[in-house]
Amino acid sequence: MKMERVEETLERIQLEAERAPGGVLAFDGDGTLWSGDVGDDLFLALLEHGDIRPEAHAALERLATAHGFEKGLPARELAHQLFAAFEAGRIPEKDIYEMVAWLFAGWRVDAVRAFAKDVVARHAVKQRIHPESRRVVEWARGQGIPCYVVSASPLAVVEAAVHEVGLDPLKVLACTPRTEDGTVLAGIVEPIPYAAGKVHCLRSRTSQPLYAAFGDNVFDLELLAASRVPVAIRPKPRLRARAAELPSLVQLHPED
């Protein structure tokens with residue numbers, strides 16, 4: 001991938017805006033706007049400080065059974081084992097992203113939001129913002145270009161995290177648990193913003209031209225390919241390995 005300075009990328013986006021007014025930008029969250037994974041932060045905080053309700057425990061057992069685990073383990077131990085299996089490559093990422101969102105089943109939606117806000121503060125997400133990403137966001141805000149965040153992490157924690165970047169939580173598309181009468185259920189709104197689902201979710205919200213998309217991992221590839229200016233931010237090895245599939249993909253020069 002060609003390395004490109006922020007100024008060069010912004011010049012190219014400006015040209016696209018002049019050609020087709022009214023477009024938008026789209027960002028992945030974890031690894032792209034900030035370092036680390038706020039979904040993991042939320043998951044570990046729930047296991048340490050939170051309350052896994054019976055509804056979530058039952059869903060954990062269903063997931064465990066589907067992947068060949070034994071039933072009968074306490075909820076926290078089972079969640080830890082499933083996450084460890086994911087890290088070892090034995091459970092698909094998508095299943096775990098969904099699990100972290102519905103693990104709050106039985107909680108009130110407002111309580112999840114408050115818990116997520118506290119996680120973002122305690123894990124200092126504001127200090128984890130990539131400077132080059134912040135510059136792009138600030139430029140877009142100055143130009144009046146809407147910015148969407150399309151993430152497979154749970155909605156509540158991504159909404160809390162984007163506040164630290166100065167973005168609108170109403171323009172967050174993230175893994176969303178189903179709810180009923182203000183209570184979280186042990187299910188997910190499909191499709192989730194993962195791989196091709198990122199494009200589907202974004203297009204369900206806006207049909208405006210996608211000037212540029214920013215991502216760091218291989219499951220951002222479809223979103224990057226849907227944009228006129230695809231940009232990798234601190235790309236992970238799996239995205240680097242497939243970068244040749246998208247010849248127009250550039251890497252934004254990291255800043256301190």
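Predicted model: local features only at pLDDT ≥ 70, side-chain atom pairs only at ≥ 80, totals over all residues.

Student: At roughly what angle do the axes of helix 4 and helix 5 cross, and are the helices roughly parallel or roughly antiparallel?

Tutor: Two packed helices are described by the angle between their axes and the distance between the axes. The axes of helix 4 (residues 75-87) and helix 5 come within 10 Å and cross at roughly 150°. Angles over 145 degrees count as roughly antiparallel, and so helix 4 and helix 5 are roughly antiparallel.

Student: Which residues of helix 3 and helix 5 make the contact between these two helices?

Tutor: The axes of helix 3 (residues 54-66) and helix 5 (residues 93-102) also come within 10 Å, and they cross at roughly 165°, so that helix 3 and helix 5 are roughly antiparallel to each other. Helix 3 passes helix 5 in a left-handed crossing. On the side of helix 3 the contact is made by A56, A59, L60 and L63, and on the side of helix 5 by D95, M99 and W102.

Student: How many of the residues of helix 5 are buried, and which are they?

Tutor: Helix 5 is mostly covered, with 8 of its 10 residues buried. The buried residues are E93, I96, Y97, E98, M99, V100, A101 and W102.

Student: How many disulfides does the structure hold?

Tutor: A disulfide needs a pair of cysteine sulfur atoms within 2.5 Å. The sulfur of C147 is 18 Å from the closest cysteine sulfur, in C201, which is too far for a bond. C175 is in no disulfide either, the nearest cysteine sulfur, that of C201, being 9.2 Å away. The number of disulfides in the structure is 0.

Student: Is C175 buried or exposed, and what is its relative accessibility?

Tutor: The cut-off for a buried residue is a relative accessible area under 20%. C147, at 6%, is buried. C175 also counts as buried, and its relative accessibility is 0%.

Student: Which residues does a cis peptide bond join?

Tutor: Most residues other than glycine have a negative phi, and most peptide bonds are trans. The place to look is the loop between strand 6 (183-188) and helix 9 (196-205), where P191 lies. Omega is about -10° for this cis peptide bond, which joins E190 and P191.

Student: Near what value is phi of R234, and where does R234 lie?

Tutor: R234 lies in the loop between strand 8 (229-233) and helix 11 (237-241). At 32% relative accessibility, R234 counts as partly exposed. Phi of R234 is a positive value in a residue other than glycine, near 45°.

Student: Near what value is phi of A124?

Tutor: A124 has its place in the loop between helix 6 (109-122) and helix 7 (131-143). A124 counts as partly exposed, at 27% relative accessibility. A124 is a residue other than glycine with a positive phi, and the value is near 50°.

Student: What distance separates the C-alpha atoms of L252 and A232?

Tutor: L252 has its place in strand 9 (residues 250-252), and at 0% relative accessibility L252 counts as buried. Leaving aside neighbours within four places in sequence, the contacts of L252 include V231, A232 and I233, and also M3 and V136. L252 and A232 are 20 residues apart along the chain, and their C-alpha atoms are separated by 6.1 Å.

Definitions and conventions: Residues numbered from 1 in each chain as written. Heavy atoms only, no water. Axes fitted to C-alpha atoms, helices over the stretch in contact; angles between N-to-C directions. Helix = DSSP H or I, 4+ residues; strand = E, 2+ residues; numbered from the N terminus. Parallel < 35°, antiparallel > 145°, perpendicular 65-115°, else oblique. Left-handed = near helix turned anticlockwise from the far one by under 90°. Contact = heavy atoms within 4.5 Å. Buried < 20%, exposed > 50% of the residue type's maximum accessible area, 1.4 Å probe, protein only.
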